[in-house]
There are 2 protein chains.
Amino acid sequence: MPELFNLVPPDEARVTWFASIPFSVQPETMPTSEALGRVTAAPLRSPMALPAFPRSAMDGYAVRAEDTLGASEGLPAYLTVVGEVPMGQAASVEVGAGQTAVVHTGGMIPSGADAVVMVERTQKLDEEDIEVLRPVAFGENIINVGEDILEEEEILPAGHLLRPQDLGGLLAVGLTDVVVSRRPRVALIATGDEVIPPSQQLGPGQVRDINTYTLSGLVQRAGGVPWSLGIIPDRFEALKSAAAQALAEADVVVMSAGSSVSVRDMTGDVINDLGAPGVLVHGISFRPGKPTVLAVCDGKPVIGLPGNPVSAMVVFGLLVSPMLWRWQGLARLPEPRTIKARLARNVASVAGREDRIQVRLEQREDGLWADPVFGKSNLIFIMVKAEGMIKVPLDQTGLSAGEIVEVQLY
Amino acid sequence: MPELFNLVPPDEARVTWFASIPFSVQPETMPTSEALGRVTAAPLRSPMALPAFPRSAMDGYAVRAEDTLGASEGLPAYLTVVGEVPMGQAASVEVGAGQTAVVHTGGMIPSGADAVVMVERTQKLDEEDIEVLRPVAFGENIINVGEDILEEEEILPAGHLLRPQDLGGLLAVGLTDVVVSRRPRVALIATGDEVIPPSQQLGPGQVRDINTYTLSGLVQRAGGVPWSLGIIPDRFEALKSAAAQALAEADVVVMSAGSSVSVRDMTGDVINDLGAPGVLVHGISFRPGKPTVLAVCDGKPVIGLPGNPVSAMVVFGLLVSPMLWRWQGLARLPEPRTIKARLARNVASVAGREDRIQVRLEQREDGLWADPVFGKSNLIFIMVKAEGMIKVPLDQTGLSAGEIVEVQLY
C-alpha cells in the first residue's frame, strides 16, 4: 500500500516543531576553567574594574608628562631616577617634579607620575640620571583603572557560547564559577531486526549499527550528552517500552527506525502513544530524509529519523542540532564552515523539494571544484568520501555544472 | 637598553621552526567509537565488502526483470507471490519465472531474483498474486555486494581527522578499534611575579593568570592535552627547573613569559639552556606577538609566548595550533570558519609587518560590516568583545574603510 506523506518544507517543519517545544534554559553552576563550549545561562557582569590599578603598557620610566615637554635628541629632558616599581607589588616610590621611576610592562604606576616614557626613547647618563629624548603626553603608555572592563560592566550576555578568551576574561575578574545551561541528555534508540552491534560477526541478512555512533558524534558537537539505549527489535511493545524509558530519563529522544514503511509507521504510532501532542510533522520535502518524524511528547522533543545512515545524519544536522543549541539557550547558531567552489557536474532535483548533495573537493589549475559523490541509496561510504555538502533550494530543479556553489564543510 | 630583535616574517618563522622539529607520528590503538576528532595514523582498508549480501533499496517485490518486460497500467505483468524475506535473515525463498517475493528496504534479495519493483508500482490482486504496472531493468533497486565498499578498498588515508561519518563507516565493516596518532601533551608554564591564580584575591600590583586557561582551550581545540605547571616566579633557576620538568614529561612546552624585556630575555636564556638546538626564531614581524620565541630542545618544540593574553592567543593560533596538528600527522589543516564583511573603519599597519585586528560583526541594512575593536595594549576584553579577526598582509600599510575583508570567526 503506498504511504501517504503530507510533506512539509524543512524550514516550515522546523518552525512548527520548535513552536511546540517548551524551551526553557536549565541553569547550573560549574568551574569557569571547564566551561569551554558551554552556553551562558544569564548575563555576566564584572565584579571589579580591570586593571585594578593604573598599569604601565611599556618597559620604561614613569614621569610627569610636563617634565618632558619639548624634549628632543638635541635638547633632552634630564630626570633623576628615584626608584623602581617591582612587579606584583604596590609602587612605594613617589615621583616628584624632575624625578622618574623605573617601571616594567604591567607594573603599577607610582604616585605622582602621569605618563610612561618607553625605554627606547631614553638614555642612561649614570646610575641616577637619564635623558628623555622625546616628549610624552599626559596618560601616554598608561592603562587606566577600568580601561579593560569597568565594575558592573556586562562581560557576556546570556546565550553566549563560551570560547577560550571568554574563560580568560571571566577568570581575570575572579569569576571562577559560571552559570551555564545544562547540557541536554539525548537518548539514542536504534531499531531494526537486521541491525547488530559493530562488535558482532555479521550473519546472513544482517548489518551493523551505524547510527548510534554517527549520531553520538553529532550530539556531542551540538553540546549534548549522548545516551545509547542499544538496538531494539522491530516490535511495537519493545520499541514503546524503550521509548518510554528514554522519555522518562532523557531530555530528547532520537529514534532511528528501519527504512521499511511498516517500521516507519510503527515509529509514528509508538511516538503518538508516548505523550501529547505527539507527532507534529510526518515527512519533509527534503532529500535525503523524507520520512522524518518530528514530535513533542510531554514537553520533550522526540524525533524519528530515517534508518538510512546518510539521511539520519543529514536530517540530524538540519533539524536536531539547531534544536539542541536552542534547548541550551544559544542566542545565535555558530556559522558553519563553508567554502565556495565550482560545481563539476549537473545535479538534478525537483521543484518543491530541498536537496543536499555530498561533494568532494578538487583543487584544479583554474580553482576549486566540488564534485558530487553519487551512489545508490545513500550508502554510508558516500558520506565518508564526501568533504562537504551543497544545497539545492526548494524552488530549483537542479544546479548546473560550472555554477559557483557554497560547500558546507564537514 | 633597547632590545634588538631580528624579526622574521611569520610564514618564514613557521617554516624555519617546523624544519627543525623531528615530526614523527606515534600510533596508538583505541576504540573507534571514542575516536571522534582523532587523526588516523595509517591508511585504513575494509576487511570486507559492504553490503555483504545483495540488498533491496526499496520496499517492494523481488522479481526476474524479464518477467516485467513491457508491463503497463493497461497491460500489467501478473506474478505469483511465493514468500516474504524477513529482515535480518537469509532469504530462504527462491524466485522462479512468473514468481515474486516480498522484500523490505535493506532486506536480502532472494535467489533467482535480479530486480525489485517498488510497492507503489504494483497492485495486489489477492493473497497470492500481484500486478506489476511498470517494467524494471536488470539490477534495478538492488544494492550489490561491495557497492558501498569493496573488500581491501581504502576507507581513509593516514592523516585524516575522524568525523562522525568516518566512525560509522569503520564500525559498519567491523573495525571496532582504530590506530590513531597519540595526542601531544602540552606543558603550559605561566610566569610573572605579578601573576596569581584566578581563585585568589588581588593584592596591589597583582593580576590573575589568564593564559593558562585560554591556552588550555586552544590546546584542546588543536587535539592536544593541556598540562599546567602553574605560575612560576620570574627567577632564572625557578623557570629553568620548571621548564626542564616540562620538557622531560611533555611533548611540547609552552611558556607565556611576562611582557617586560628582562623577563623575555630570561625566557630565551632558559630555553637555550634546556637543550639543542635551542632558540631558532626570536621575534616575528607580526602584531600582536612580536616577542615570540620558537625553539626546539632535545627534539621537542618549545615556545615562548608573549605574556600579553591577546598576543599569546593570536600567536598560538598562528603557529602553535598548526604545529600540534602536524605533530599528530594531520595531512591538511581544517579550513577556518570565515565570513566576508565590509570594513567599518580604516586600519593602519606598517609594510613589512603582518597584523591581526580583532573585529565585531554588525548586520546593517546594506550588509555585514566588520568593526575593529580598538583598545590600548591588547586588553583581554578586546578579544572577549571580538567575534573574529582580520589580517593585514605583510606588504600592506593598512586596510581602507569599505573594503571587503575576510573575517576568521572565533
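Welcome! In chain A, the centres of domain 1 and domain 3 lie 67 Å apart, taken over C-alpha atoms. This is a predicted model, in which local features need pLDDT of at least 70, side-chain atom pairs count only at pLDDT 80 or more, and totals for chains, interfaces and linings use all residues. Residues are numbered from 1 along each chain as its sequence is written, and chains are lettered from A in the order in which they are written.

**Domains of chain A**
- Chain A is divided into domain 1 (10-26 + 182-327), domain 2 (27-49 + 151-181), domain 3 (55-143) and domain 4 (338-409).
- These bounds come from an automatic or database domain assignment.

**Where chains A and B meet**
- In this pairing, 70 residues of chain A are in contact with 70 residues of chain B (C-beta atoms, placed from the backbone, within 7 Å).
- On the side of chain A that touches chain B, α2(A) gives the most, with 8 residues (helices are DSSP runs of H or I with at least four residues, strands are E runs of at least two, both numbered from the N terminus).

**A sheet in chain B**
- An open sheet of 6 strands has the order β16-β13-β17-β21-β20-β18 in chain B, with mixed pairing (strands pair if DSSP finds at least two bridges between them).
- β16 (225-232) and β18 (277-282) of chain B stand at the edges with a single partner strand each, so one side of each has no neighbour in the sheet.
- Strands β17 (residues 252-256) and β21 (residues 300-305) of chain B run parallel and are joined by 4 bridges.
- B:Val254 has B:Ile303 in β21(B) as its bridge partner.

Note on methods
Contact = placed C-beta atoms within 7 Å.
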